Amino acid sequence: MEEEIRRYAEAIRIASEPSQGHLHQQALEYLSNLHQNANETWRLALTAFTDMTSEGRKYPESVRFDSLRLLEEFLDNRFEPLDEDSFHTLQQSLISYVRSEYVYGSAESHASYLRNKFSYTLTLFFLCTYVEQWPTFFNDLFSLIRLPESQSQPQFNRHVSLLLFHIITEISGEVADQTIKSARTFNPVRHTRDSRVRDAVRDRDAPLINEAVLTIIVDGMERMAALRKTTTSSPELFEAMEIVDWGVRTFGSYAGWIDINLTVTPVTIPILFTLLQDPNLAIRLATSAALQRIVGKGLKEPEDKLQLIKVLALGQVIDALESKTRAEQVARGSAEDEGEESYREALGRLLNVLGLELSKLAEAESEKPEVAAEASRLLEQILPVMLRFMSDKYDDTCSTVFPLLQTVLASYKRTRKMSTDPLEESKRSFLVSLLQVIMQKMKWDDEEDPCDLDEDDNTAFETLRKDLRLSMDAVFTIDQELVTNAVRTLSLQTLSAYRSGMSLNWNDAELAVYLVYLFGEIMKTGGKGRAAFCVAPLVPKEKRREVNYSEYPLTPHGEMLLALVQSGVSAFPHRSVTMQFFETVARYGDFFKIRKECIMPTLEAMVDTRGLHNPDSTIRSRTYYLFHRFIKEGRNDISEELAVNLVEGIRDLLNIQVDIPTLDSPDDDLLEEAIKNPGLFDSQLYLFEIVGTLISLVSKSPEQQANILLSIVTPLLDELSSNLPAAQGGKDVMSILRIHHSIMALGNIAKGFPDYPSPVPEGYAFPSLDVFRQVARAILGCLEAMNVFKDVRNATRHAFARIIATTGSSVTQLIPSLMANLLAQFEPSELVDFMNFIGLLIHKLQRELFNVLDELIGPLSAHITQLLSQPIPGTDDSAAQTKRAYLTLLTNIMSSDLHDIFISDRNKAIFEPLLNSMSRLAEDISDSSGQKSAFAFLSRCVQVWCQPAADGQAAQGLPGFERFVYERLVPTAFVVLSSPQFNIKDGQMMVVLLEIGNFLQIVCKTRGQEAQEFFLSAFLPSQGWPPDTAMEFTGKLRDLDNKAFRKYFADFVRSSRSQASS
């Protein structure tokens, strides 16, 4: 074995040095083989770990660490007893090692990671052997702990004591810690083994373990007390504190799963409360965690749990400690002590657990009324302490009691639902205090600037605000008036103070504005729209513009918004206040429909240096969107004159902003990265859209509208023409980006105009069609010159989609050239977007697109059919997306009366292959969405091409199509329904089933008597249906309306499949 261990050690050395080349890989493979065969190689590992020479351990720490890993491999998943020889070998070697290294040695003083690893390995050996082979495990360890009596030395061996503590903590984690257990894949054999070990420890050794741990803790406490009289820092004091710290951690680890009568006694309670106030932070934290486990321990009888809580009297203890630590916090001032704050967090968590346990007892009113009443009394006593923790200036401490708060509020809500009596005064008083705490905690720290904080800090505070808002929501449900008065009072007082010229901290001003924003979010009752802001009678939608809402009194939220605008707080010299103002006014656009005098001051704030013209690009970027939202919401209240003035006011902001990103890697494509990360331009697009909206409002003066629009688009058209020569070469990225951005901007200007109506109402004010034609031709010219660039193709699709939506058929003559250039250079990734684009054109242009589609549908169908026939690699979803887009396109064609393109002279040869392809898609059970769309398409085909002759007239359908329906499509429907893979319990497949029912009924209703005879006399009998069943089914198919038949059909299929499987 000596030679084998030498090879083992050499392999570990080589494995740690990648520079060894092929030897490195060989060493890794050798070690992997050893670990995989741990059942045979564990003796080698045991020897390598424990062997000694006269100078110490024989092998280096790296070898010994890997040896422990190998022993873990051997022991970890072993749930049966070891053979006697293996057991005795391991037991003797490990005990000898403990004696030499822990009793007489330094306990691996230079390698703490080895100590930790060994304690875990010994724990695994304990789990394997304690129940049947090593029942004296703890006694054997205890025998190694006690030292000879000495006045100057501790009574217990420090190294062995710490080893004991580590092992017991590890055992508790393995057999009782639900967090550890839930992280593992459940193994019933391990679960049974752990339960047996847990029960055996309880029965055999729990009292001895508890006594040993407490005895060592007390010894350590006495040594700490004696040493602290003479020193505040010494190795001996540190060692004593470490013993106590780990002793309390160990006590806490088993407090949740051994008899409560061992852990809560007249001896343990004074020890714990003494240590809860110890000068050493680690000891205090460990004690708090131990008390949490004790309080949270499950007890069968509610009376026992209540008695435990009363005996501990934790409420008074935490109350006193909260006051003490808060005073210390105040005394520290701006100086931060993370350790002491973590102690306050621990106290908060302890209070939270105590409160949750009391809440559980208080909820058992029907079963144990006396227990519930006493628990409610104790819970009420700790609520003020909970509020003090909530108001802590550190958010982590504040959030420790959120679970308790939510539980208390949920209880209040249940009580309110069950009773119409007024809220008890004590509860009302608590809620009033709670609201004050919530609103203060919603306030930013005045020493912090959100704009200077990193993203994580900002996100953390926004998360806190969200959690606080949930609590405010709950209070609102309990007592709406309380929340309304609290929010209204604070916001109005602050805004009034600012309006009167009083000096305010920025965070007070921001909070007032934020509360105005928040109130609309929590206001779940009351009116919507204008009714949320004024008390007015219900007015029909078409007459609301005629009503003077300024005559009606405001709601509380309306009062707050009016005060917000009138206060002038938008001019507050802090960007967070200004931005919160913009967020609020953009959120509540309906308010400005009832107080129109507030529109101008709000727009002035948005347009000037507070918003759109702010020197800070981050503020401009966000304000572009908020301005867009505000105008879109209130455009009906903007006059032509104001619209023109606004366009002039933001004209200087319409210069294309191009940002060139810094590449992470030289291999990155600069153009691609710049398109994906457009910087400010992404927000600037909102500005271009809203310019279009404002120009569209100048509808009474078509000539003026055209002139303004032309003045806006001309600089962009100039951008296209001036950058085109340099961009065509493909090397000038800046020129390509300027063309791409300009096309996108032109498209968004068109997007700002209203959609072209169909039909056109009388007196409709058409947009400036000539200007848009000029824009469309310019964009098309760029595409013709630059169709090799995917980003230009994408931008062109975007722009034309918006221009066509605005102008209708005015640019139809450009569509053939547009299609040709989009398809001239085409990537598969563009296919879905292209088909969606075609779908939009169909919707807008209808029959005017016939000739374009007639040319396009054949090559497109062939391309997609070929694409879908190829195997799909890995998890690639592109084929599924392509299929969905294709089916949607085909359905749109059928729905828009463009179906003649399928049987035109150009495409009639592909019609039958298309139908066969759709039939195959209808059979594909692996794609329910595709099946549904395929059957929907086929249903429409039946309606169009299966119409029979009527009243002596020739049939309007496609001759012979009915045979295809009877011979191919109807059998396909029943093949799907009878497939073993068709799971009717699956919601998506149920949708397919209903679509099949719809298809069958359309066949029957379209072909009439002929179809009924086909089902009754031909098809259903051929499928083995009994005559009565066929007669019933055909009758339902004929007589029921669509909704009733779909229900019948679903029940019928469900019943038939159930009978077939039984």
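Asp897 sits in the loop that joins α40 (878-895) to α41 (908-923), where helices are DSSP runs of H or I with at least four residues, numbered from the N terminus. The model is predicted, local features need pLDDT of at least 70, side-chain atom pairs count only at pLDDT 80 or more, and totals for chains, interfaces and linings use all residues. Residues are numbered from 1 along each chain as its sequence is written, and side-chain values use heavy atoms, with hydrogens and water left out.

**Exercise 1.** Describe the backbone and the exposure of Asp897.

*Solution.* Begin with the backbone: phi of Asp897 is near 55°, a positive value in a residue other than glycine. For context, most residues other than glycine have a negative phi. Then take the accessibility: Asp897 counts as partly exposed because its relative accessibility is 42%, the class between buried (under 20% relative accessible area) and exposed (over 50%), with a 1.4 Å probe and protein chains only.

**Exercise 2.** State the domain bounds, and find the separation of domain 2 and domain 3.

*Solution.* The protein is divided into domain 1 (110-263), domain 2 (638-780) and domain 3 (903-1061), with bounds from an automatic or database domain assignment. Taken over C-alpha atoms, the centres of domain 2 and domain 3 are separated by 49 Å.

Technical notes
Helices (H or I, at least four residues) and strands (E, at least two) are DSSP runs, numbered from the N terminus.
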